[in-house]
Amino acid sequence: MGPQPSRGSLRTGDSTDGEIGLVEEKFVVTPWEVTGAVDYDRLIQQFGTQPINDQLAERLEKKLGAAAYLVRRRVFFSHRDLDLLLDEHSKGKGFFLYTGRGPSGPMHIGHIIQFYLTKYLQDTFGATVYIQITDDEKFLEEKRNLTYEDTQRWAEDNILDIAAVGFDPNRTFIFQDTKFIGHAYPMVLKIARRVNFSLAKSVFGFTGETNIGFSFYPAIQILPTFFEKRRCLIPSAMDQDPYWRIQRDIAKSMGYYKAAAIHSKFMPPLTGTKGKMSSSKPETAIYLSDDDRTVRNKINRYAFSGGQATMEEHRKKGGELDIDVAFQWLYMFFEPDDEKLADIVGAYTSGYMLTGDMKAILIQKLIAFLGEHRRLREKARGKVHEYEKDGTLAQDMWKRDFSKS
Ligand code: TYM
């Protein structure tokens with residue numbers, strides 16, 4: 001049996017609202033599970049993070065250029081110490097970026113958002129970027145049933161997708177845990193000694209059934225936050241936040257900065273707005289490897305629609321944007337232009353635009369995005385060695401003596 005979510009993860013529900021007996025909907029967010037309709041305001045409260053308020057959003061938007069819409073629309077909606085990091089930056093202190101991927105299968109379009117934001121931040125601030133590929137985590141996560149060889153294959157495949165995003169080869173280090181962690185082991189030990197089992201249990205919900213590799217793993221995901229003696233900024237969806245909570249507990253005693261984080265919402269699965277896309281359920285996601293035909297079929301067949309049951313009703317009442325997955329995907333990533341998005345909103349809610357039209361817009365955007373991604377992925381094949389070994393940052397990392405960190 002896998003870990004049971006508890007403190008750091010959030011299980012809500014079972015509460016009744018007085019006489020009417022309304023049952024709140026359950027949702028679960030842990031690094032390994034996202035189910036139900038996530039209430040993001042409650043998640044901020046439960047995880048103890050901060051909402052990105054208007055003032056902070058404006059500050060960031062000014063710097064982000066083409067990616068500003070991701071913050072303006074609050075796709076990235078929560079943070080830890082991002083305001084502090086920007087204050088420090090304005091006084092001339094640098095920071096570094098860290099993000100990652102667990103290679104459990106093909107990457108989908110939700111994953112890639114994190115890497116695009118990270119790339120925009122690198123371009124804007126000239127920061128170094130560390131990208132962790134957690135083949136160890138995915139092997140140890142028993143419910144996935146992956147062989148060691150599976151994780152190696154997916155790591156190689158996923159690294160190409162990430163390299164396609166176009167990070168600076170001399171300021172970016174992509175590392176696969178099973179290859180690199182041995183080199184950094186002395187520092188992993190310094191982290192592991194500071195995290196006792198009851199803390200790990202309460203944050204991650206580990207039980208007596210959890211294999212000991214998995215209960216050690218958090219030390220490995222925390223490691224990159226200590227790669228530099230500067231503050232680290234971590235873009236990810238909200239599910240990864242429990243690690244940063246532990247990092248912030250131990251950072252001072254390690255002689256390092258508490259990590260800052262910027263959190264996104266989950267791009268919803270095609271099949272409805274609850275939970276998140278899954279690498280193992282093809283009908284819930286568009287993978288970066290899907291061809292044009294697959295994209296058309298999946299969107300037309302599975303994309304949950306906010307349209308009304310009949311055409312007459314739709315023309316009269318209009319479509320519902322909140323539950324329309326095609327619209328949500330356009331909003332979250334694929335239509336950066338606010339004016340075009342406003343036109344879509346107007347046309348759909350007035351009943352002028354039909355579900356089929358909304359899906360057609362998304363299909364066109366997806367096909368264009370994935371076509372370009374395929375081209376960049378092929379081009380990136382020749383660059384992977386720089387990210388992993390030969391670029392300036394990669395060389396420094398392989399030379400570093402971690403017993404002295
Ligand atoms: P993984 O592979 O589950 O996810 C990779 C990144 O994608 C985010 N994510 C999503 N974002 C938007 N919509 C979704 N539906 C969605 N699903 C997943 C995740 O939050 C993550 O940012 N343990 C990690 C690997 C890792 C890592 C890190 C991630 C190691 N170090 C540092 C972020 C930052 C994992 O398995 O991610």
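Trainee: Which residues is E141 in contact with, leaving aside its neighbours within four places in sequence?

Mentor: Contact means heavy atoms within 4.5 Å. By that rule, E141 is in contact with W32 and F214, its neighbours within four places in sequence being left aside. This is a predicted model, in which local features need pLDDT of at least 70 and side-chain atom pairs count only at pLDDT 80 or more, while totals for chains, interfaces and linings use all residues. Residues are numbered from 1 along each chain as its sequence is written, and side-chain values use heavy atoms, with hydrogens and water left out.

Trainee: Is E141 buried or exposed?

Mentor: Buried means under 20% relative accessible area, exposed over 50%, and partly exposed in between, with a 1.4 Å probe and protein chains only. E141 has a relative accessible area of 4% and is buried. Its place is in the loop between α6 (135-140) and α7; helices (H or I, at least four residues) and strands (E, at least two) are DSSP runs, numbered from the N terminus.

Trainee: Which residues touch the most other members of the largest nonpolar core?

Mentor: A nonpolar core is a set of buried Ala, Val, Leu, Ile, Met, Phe, Trp, Tyr and Cys residues joined through side-chain atoms within 4.5 Å. In soluble globular proteins, nonpolar side chains tend to be buried together. The largest core has 75 residues, of which I299, W329 and F334 touch the most other members. A second, separate core of 40 residues includes Y130, F180, I181 and I222.

Trainee: Where in the chain is confidence lowest?

Mentor: The predictor's confidence in each residue is its pLDDT, from 0 to 100. The chain has a mean pLDDT of 93, and 94% of its residues reach 70 or more. Confidence is lowest in strand β2 (residues 16-17), at a mean of 35, and highest in β9, at 99. Over residues 1-21, pLDDT stays under 50. Where pLDDT is low, the predicted coordinates should not be read in detail.
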